Amino acid sequence: MEVNEQIAIDHGLKKDEYKKICDLLKRTPNLTELGIFSAMWNEHCSYKSSRLHLKKLPTTGKKVIQGPGENAGVIDIEDGDAIVFKIESHNHPSFIEPYQGAATGVGGIMRDVFTMGARPIANLNSIHFGSPQHKKTKNLLRGVVHGIGGYGNCMGVPTIAGQTSFDSSYNGNILVNAMTLGLVKKNKIFYSKAAGLNKPVIYVGSKTGRDGIHGASMASASFDEKIEEKKPTVQVGDPFTEKLLLEACLELMAGDSIIAIQDMGAAGLTSSSIEMASKGNLGIELNLNKVPCRETKMTPYEIMLSESQERMLIVLENGKEGLAKKIFDKWNLDFAIIGKTTKTKNIELFFDNEQVAKIPVNTLVENSPMYDRKWKKSKLPKKIKFEKEVFSNLKIKGVLQKILSNQNICSKEWIWRQYDHTVMGDTIQKPGGDSGVVRVHGTEKAVAATVDSSAVYCWAHPLTGGKQVVAESWRNLISVGATPIAITNCLNFGSPEKEDNMGEFVECVKGIGEASKYLEFPVVSGNVSFYNQTKEVGIKPTPSIGGVGLIKNYKKMITMDFKEINNLVLIIGKTEGHIDQSLFARTILDEKNGPPPEINLFNEKNNGQSLLSLIEKDYIKSAHDISLGGLITAVSKMCIKGNKGIKIKRSKSLISEIEYLFSEDQGRYIIEIDPKNLKEVTKILNKNSVHHEELGIIIEKEMIINEKTKVTIDELKSYNTNWLTNFMSS
Amino acid sequence: MKSSVITFPGSNCDRDMDVALKKFGFNNKMVWHNDNELPKSDLVVLPGGFSYGDYLRCGSMASKSKIMQSVINFAKSGGLVMGICNGFQILVESGLVPGVLLRNKYLEFICKNVFVKIENKDNPYFKNLDKDIFEFHIAHNEGNYFCTGDQLKEIEDNNQVAIYYCNNNGKTEEKFNPNGSLKNIAGIFNKEKNVLGMMPHPERMIDKSLSGEDGSLFFKNLINNIR
């Protein structure tokens with residue numbers, strides 16, 4: 001087939017991009033070459049709309065071993081240990097085929113982590129669905145949860161935390177973001193940079209099929225009514241093969257045979273071979289007849305663009321082929337020498353003794369398009385003036401019931417009990433806490449991880465929203481007693497070709513950057529997912545932040561359940577009554593306008609570090625950060641988990657009771673202390689100028705607010721636990 | 001005391017079991033599914049996981065592994081063989097214990113703590129335990145025990161039910177059954193009581209920082225019984 005402009009457009013390339021390809025090659029590409037360009041130059045692989053802005057993120061720090069640009073980020077957790085971690089989206093495929101889309105998302109991110117030599121030790125996920133009333137929501141949720149569990153459970157990696165939300169902006173575009181943490185010795189990290197000439201290029205893992213061809217291009221486009229036709233572009237996962245691949249790779253990595261290794265993720269053999277060559281400033285030559293195929297008569301075009309899962313590409317040291325083959329034979333995996341590194345700086349493909357493609361590697365990578373897209377700055381919305389009567393007419397108990405049973409607050413146990421969260425025997429904080437925590441096997445250390453997003457705040461004011469998500473991640477780590485180290489981000493947005501959506505992206509990234517810089521909480525890996533859009537409607541901007549922190553002695557880990565009757569409960573941080581964009585305003589008052597709560601980074605840092613020092617001194621019995629749903633929601637969860645009540649004192653604050661209980665001011669935590677330590681705790685907080693106040697005292701079985709509102713723990717439980725189970729069985 | 005844990009392709013609780021056995025004093029060896037001979041062992045454990053990706057039926061392909069002939073001979077000669085979760089599935093597929101394990105009643109994977117009641121302590125696994133109700137952890141998709149009426153009669157006549165799902169007071173009602181198992185059966189012996197298959201994972205309950213410590217009681221008692 002003769003390539004022309006129309007064929008290029010059908011491949012998702014723009015007219016001027018096609019012209020650029022012809023100029024770079026000084027000729028018309030053949031179909032295989034065009035396919036390779038389209039795979040490398042799509043948004044998903046090239047970051048062409050986002051690169052310019054991502055460059056501004058802080059990515060370095062004392063604990064950072066590897067920032068963005070590799071398969072995953074790497075941080076130092078002392079004693080020669082390191083954590084490899086990353087979050088990645090699998091949004092488009094999960095909407096088309098929820099089970100396989102979600103499963104292969106989990107498989108893909110685990111491969112990114114073990115490609116670097118790390119054994120995966122924890123999985124997390126952030127999943128977002130349309131309105132519960134939407135006809136697709138229930139099936140999508142069920143399929144995604146089954147898919148995440150199906151893959152992670154089989155791999156034997158615990159799923160320790162996650163986040164789920166429902167919002168009508170996801171009706172046509174759900175979000176599935178999967179995150180994995182792996183453990184590796186600092187001196188045994190593997191990278192994707194090829195080195196040396198005439199080194200054998202090895203293909204291992206599953207055979208190549210026709211599944212997932214153009215998956216990355218599909219993920220770089222908006223949806224329309226023909227979306228169902230895209231099902232064949234979704235890959236099919238086989239976690240069993242991936243488990244074998246994991247064990248085989250780690251066995252080979254124990255020796256010194258590997259020069260470079262890269263998993264075949266988006267754009268399969270194309271991007272893996274080109275990335276290794278590009279990073280090593282080398283050429284690569286592949287004989288496609290040697291690629292193990294599971295279907296007959298596959299063409300070079302199909303072989304290069306397949307996104308079949310569970311495959312790896314390795315550049316080996318000469319003479320290690322036999323040793324490597326023995327390991328992959330033991331694990332019953334395909335092993336083939338399919339090419340070698342060359343000095344030509346070209347990617348050259350051969351099939352049936354003919355050269356079928358020859359492209360300079362730099363044209364695919366360095367010369368890929370980069371756009372400075374037009375974007376629109378958003379204004380901070382005006383604050384809403386709420387009438388005092390609106391608040392005073394409300395019954396606290398009724399409001400609390402509605403908030404605790406809201407789909408975005410209620411217990412998500414229906415989801416996480418379907419994930420194996422205890423395999424590997426080191427999970428010391430399971431899902432449902434502020435962060436999941438796993439011990440570093442055989443040591444005193446533990447690693448905490450959380451994944452967060454606040455699409456409503458980001459939608460109301462992207463800059464503030466971007467900051468808020470990072471701050472919330474930081475707070476969730478501190479609440480379990482972990483020192484925050486670094487983050488990974490998954491940036492889910494609408495079309496970058498629309499100024500509004502591009503503006504949301506630019507300003508959220510700016511907010512993320514400001515907060516992570518101030519909090520010394522750098523971004524070490526991430527992924528951008530644009531085009532989460534159906535026709536003209538985009539999702540609310542949803543950056544998901546995955547945070548990782550270290551607990552030096554796991555016995556000092558903090559949980560949120562109230563521990564002991566008569567202990568005192570304090571609030572750290574000031575409650576100012578910011579109601580705009582709160583869950584209360586949106587669900588009880590149906591008020592969707594106004595600015596999100598302001599982020600004061602100085603207070604965030606100061607409050608968080610002060611709490612950590614109290615934890616270090618063993619003063620803290622339980623802690624929980626205040627976020628969605630406000631103070632009373634946070635306290636309710638501590639009561640539910642601890643099966644204890646609380647007597648809340650009348651606040652000295654001038655704001656109304658409703659504002660006090662349901663506002664979503666940031667930088668706040670609730671802590672439980674032994675009354676005998678009150679003086680010491682107060683002294684430390686005063687010394688650090690941390691605003692704090694006493695909230696109340698722990699009592700049995702009942703929550704009493706200002707002596708008039710009484711709610712039993714059983715009532716709180718019934719509000720909070722049933723919504724999701726009832727929804728899924730209705 | 002010597003123990004062996006078999007690793008099948010897709011096993012994923014083999015390391016956890018190794019950690020647990022060593023913690024309580026076993027000298028444990030990992031054994032590859034493709035080996036012919038078991039090392040000299042006082043206890044052989046088939047661990048949890050997804051051997052052969054659960055393809056065909058859970059445990060079915062692993063039951064035909066090379067090492068299994070040696071495991072079966074060991075069991076027939078009276079050796080202690082314990083299968084946990086996927087290991088239990090492998091035991092039923094090999095015919096070492098009666099019955100089958102079907103998909104969970106609610107068609108969902110389930111991961112949580114459960115209480116189980118020990119019915120019969122006249123066996124090397126449970127004798128000398130000083131309590132009857134244990135809090136264990138389950139994590140499975142196919143733990144719904146089933147057998148024919150005749151088989152059930154034989155099992156009950158021979159006291160072959162090892163543990164039942166129950167509540168914290170030992171009540172074995174249907175509402176405390178997490179997966180639809182016949183009569184709340186969570187684990188079962190062979191006739192001679194030297195082979196034990198059970199769905200719960202005692203190896204995940206060996207430390208107070210984990211889901212609980214009842215697994216520790218089980219393993220401490222087990223090694224003392226074998227000594």
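1. Let's start just past helix H3 of chain B: there, B:Gly95 takes a positive phi of about 80°. Helices here are DSSP runs of H or I with at least four residues, strands are E runs of at least two, and both are numbered from the N terminus. Keep in mind that this is a predicted model, in which local features need pLDDT of at least 70, side-chain atom pairs count only at pLDDT 80 or more, and totals for chains, interfaces and linings use all residues. Residues are numbered from 1 along each chain as its sequence is written, while chains are lettered from A and ligands numbered from 1 in the order in which they are written.

2. Helix H3(B) itself, residues 86-94, is mostly covered, with nine of its nine residues buried (20 or more other C-beta atoms within 10 Å of a residue's own, C-beta atoms being placed from the backbone). Among them are B:Phe88, B:Ile90 and B:Glu93.

3. Now look at chain A, where six strands form an open sheet with mixed pairing, in the order E14-E15-E16-E21-E17-E18. Two strands pair if DSSP finds at least two bridges between them. Strands E14 (427-429) and E18 (523-529) of chain A stand at the edges with a single partner strand each, so one side of each has no neighbour in the sheet.

4. Which sense does the pairing of E17(A) and E18(A) take? Strand E17 (residues 483-492) of chain A pairs with E18(A) in the parallel sense, over six bridges. In E18(A), A:Ser525 is the bridge partner of A:Thr488.

Methods. Buried ≥ 20, exposed ≤ 12 C-beta atoms within 10 Å, placed from the backbone.
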